[in-house]
Amino acid sequence: MTRIAAVHGVLPPHRYAQHEITDALAAMSTASAGERGVLERLSGTSGVGTRHLAMPLERYAELSGFGEANDRFIATALDLGEQAVRGALDEAGLRATDVDLVVSTSVTGIAAPSIEARLAGRLGLRPDVRRVPIFGLGCVAGAAGIARLDDFLAGRPDGVAVLLSVELCSLTFQRQDATSAGLVAGSLFGDGAAAVVAVGSRHPRGGADEPGPHVVASRSRLYPDTEDLLGWHIGDTGFRIVLGAELPDLVRRHLGSEVRAFLADHDLKPQDVAAWVCHPGGPKVLDAVRETLDLPARALELTWRSLAEAGNLSSASVLHILRDTLDLARPLPGTTGLLLAMGPGFCTELVLLRW
């Protein structure tokens with residue numbers, strides 16, 4: 001089994017209280033007084049207390065358009081990405097030249113060459129390192145990325161693979177978007193990055209006797225006729241969010257049966273799961289997850305904590321929560337964990353872990 005050797009999360013240095021961000025967004029947007037009132041109400045019920053931003057808050061009003069915002073995305077993504085990968089490799093006790101595969105993911109900016117290619121020289125990666133940049137998976141990509149590392153290492157059990165997620169959601173802010181989806185996004189999403197280092201079962205640091213978590217299995221699921229519920233509408237001004245109000249109901253309708261079937265394939269039930277590593281999709285989605293899986297309130301405690309301290313970091317969030325699970329919850333050897341996330345498609349990704 002693939003072993004997760006290290007997880008390292010990084011946040012930008014510009015940290016603000018929720019009310020500061022709300023006031024600034026209201027001042028920058030073209031929203032009416034009534035719409036600004038909705039933004040304030042949503043911000044107060046989002047479960048978010050603070051967020052970290054790619055730039056100082058006062059700089060966002062100066063952005064001239066998508067091109068300048070994307071240039072800022074690339075520059076910041078390189079800095080945060082380098083910190084995340086270096087930190088994860090150091091924690092794993094490995095060098096950049098040990099890495100055989102890098103999977104990078106983001107849905108908040110575009111770069112060609114991709115971010116991991118631009119980082120290769122700075123990090124000292126080998127010239128023959130395999131690279132898989134991913135765009136479009138959105139919030140599900142942290143979980144899906146770990147699953148894809150496991151797929152690679154199943155065929156390369158002596159190898160080392162890295163997942164890098166960089167999401168700078170603040171740089172997608174649309175001043176003209178006063179839709180309910182845009183207002184929700186303005187109250188919920190933050191910026192951050194994370195990196196995961198994983199090793200195969202035959203790697204010197206990958207044996208079954210090494211501390212977990214180990215990846216047991218994964219499952220991907222697309223739900224028909226849900227493509228229009230979550231994602232981006234990409235136009236002249238950049239990325240405008242698509243966020244259907246039906247998402248919590250969709251979670252209630254599908255997630256419980258999906259998770260139970262996946263666990264049953266491994267002779268497990270939800271009550272056998274000691275660690276729930278769940279993406280913080282927002283308060284309504286988290287309530288739906290807890291209800292459909294009949295979880296005790298404390299099962300998602302680290303997810304709620306991450307949401308409060310940093311907001312929804314898209315694909316990086318579930319990796320920050322996995323790091324917190326390792327550092328704070330410290331599951332006992334032999335116990336089971338389930339890492340889960342949801343994203344555009346609409347889709348879910350499940351990763352079964354064992355400590």
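In strand β5, proline 133 is the bridge partner of serine 104, and this pair belongs to the region in which strand β4 (residues 101-105) and β5 run parallel and are joined by five bridges. The structure is a predicted model, in which local features need pLDDT of at least 70 and side-chain atom pairs count only at pLDDT 80 or more, whereas totals for chains, interfaces and linings use all residues. Residues are numbered from 1 along each chain as its sequence is written, and side-chain values use heavy atoms, with hydrogens and water left out. Strands (E, at least two residues) and helices (H or I, at least four) are DSSP runs numbered from the N terminus, and two strands pair if DSSP finds at least two bridges between them.

Strands β4 and β5 belong to an open sheet of nine strands with mixed pairing, ordered β5-β4-β6-β7-β1-β8-β13-β12-β11. Because β5 (130-134) and β11 (273-278) each have a single partner strand, they stand at the edges, and one side of each is left without a neighbour in the sheet. On average, and with direction ignored, neighbouring strands of this sheet are turned by 20 degrees against each other.

Helix α10 lies across β1 (2-10), β6 (160-168), β7 (191-199), β11, β12 (336-343) and β13 (347-354), and runs at about 110 degrees to β1; axes are lines fitted to C-alpha atoms, for helices over the stretch in contact, and angles run from 0 to 180 degrees between N-to-C directions. Helix α10 (residues 317-329) also packs with helix α5 (residues 141-155) at an angle of about 70 degrees, the two axes being 7 Å apart. The two helices α5 and α10 are therefore roughly perpendicular to each other, a term that covers angles of 65 to 115 degrees. Gly142, Ala143 and Ile146 of α5 meet Val318, Leu319 and Leu322 of α10 in this contact, where contact means heavy atoms within 4.5 Å.

The domain assignment of the protein chain, an automatic or database one, gives domain 1 (3-199) and domain 2 (214-354). The centres of these domains, taken over C-alpha atoms, are separated by 18 Å, and 53 residues of domain 1 are in contact with 42 residues of domain 2. An unreviewed UniProt entry places the feature "domain: Chalcone/stilbene synthase C-terminal" at residues 216-354. That span, residues 216-354, is 37% helix and 29% strand, and its end C-alpha atoms lie 7 Å apart.

Backbone geometry was also examined in the loops. The peptide bond from alanine 112 to proline 113 is cis, with omega near 5 degrees, and proline 113 is placed in the loop between β4 and α4 (115-123). Glycine 345 and phenylalanine 346 are likewise joined by a cis peptide bond, with omega about -20 degrees, and phenylalanine 346 is in the loop between β12 and β13. Aspartate 225, although not a glycine, has a positive phi of about 60 degrees and is located in the loop between β8 (214-222) and β9 (230-235).

Key
Parallel < 35°, antiparallel > 145°, perpendicular 65-115°, else oblique. UniProt positions renumbered as here; feature names shortened; annotations may be inferred.
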